[in-house]
Amino acid sequence: MKTGIVFPYTGDTLLLSHMPNSPQMMEFVDGLGDTPFHTLFKMSRCPQGKFLATFVKLLLQKGVSPYVRDLNQLLPIDYVDQSKNKETYDILRKYTQREY
C-alpha cells in the first residue's frame, strides 16, 4: 500500500498536487527540524532530474518555504547537487538568492 505525499519510485505526484494550500505549510518542520524540502533532499533514494524539479515546483506552489534552515543551519538548496539537478537548483536559487 502506498503512503505519503508522493511515490518517488513511480513518479506519481497526484497526492502532492491535491495537498491543500495551507499557511501552516510555509514554515512547517518535523521533529528533526526538517521541512518537506529537507526531507525530500535527504532521502537515500531522492528522485532526480525532471521529476525532482516537478516535485519542487509543486511544493513551492503549495506554499512550502525554501527559506527555512534545518538544525544544521542549511537551506534546502544546500542539499541539491547542482551538477546532477541543475533545473531544481536553478528553481530554488531564484527563491533563495537573497540568502547568499
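Q: What places Asn-85 in a loop of this model?
A: Asn-85 lies in the loop between α3 and α4, where helices (H or I, at least four residues) and strands (E, at least two) are DSSP runs, numbered from the N terminus. This is a predicted model, in which local features need pLDDT of at least 70 and side-chain atom pairs count only at pLDDT 80 or more, while totals for chains, interfaces and linings use all residues. Residues are numbered from 1 along each chain as its sequence is written, and side-chain values use heavy atoms, with hydrogens and water left out.

Q: Why is Asn-85 called buried?
A: Buried means under 20% relative accessible area, exposed over 50%, and partly exposed in between (1.4 Å probe, protein chains only); Asn-85 has a relative accessible area of 7%, and therefore counts as buried.

Q: Which residues is Asn-85 in contact with, leaving aside its neighbours within four places in sequence?
A: With contact taken as heavy atoms within 4.5 Å, they are Gln-48, Gly-49, Leu-52 and Val-80.

Q: Why does Pro-66 count as buried?
A: Pro-66, also found in the loop between α3 and α4, has a relative accessibility of 4%, so it is buried by the under 20% limit.

Q: What puts the buried residues of α4 on the same side of the helix?
A: The buried residues of α4 (residues 86–96) are Thr-88, Tyr-89, Ile-91, Leu-92 and Thr-96. They cover an arc of only 160 degrees around the axis, which puts them on the same side of α4, the arc being that of the directions from the helix axis to the C-beta atoms. On the other side of α4, Lys-86 and Lys-94 are exposed.
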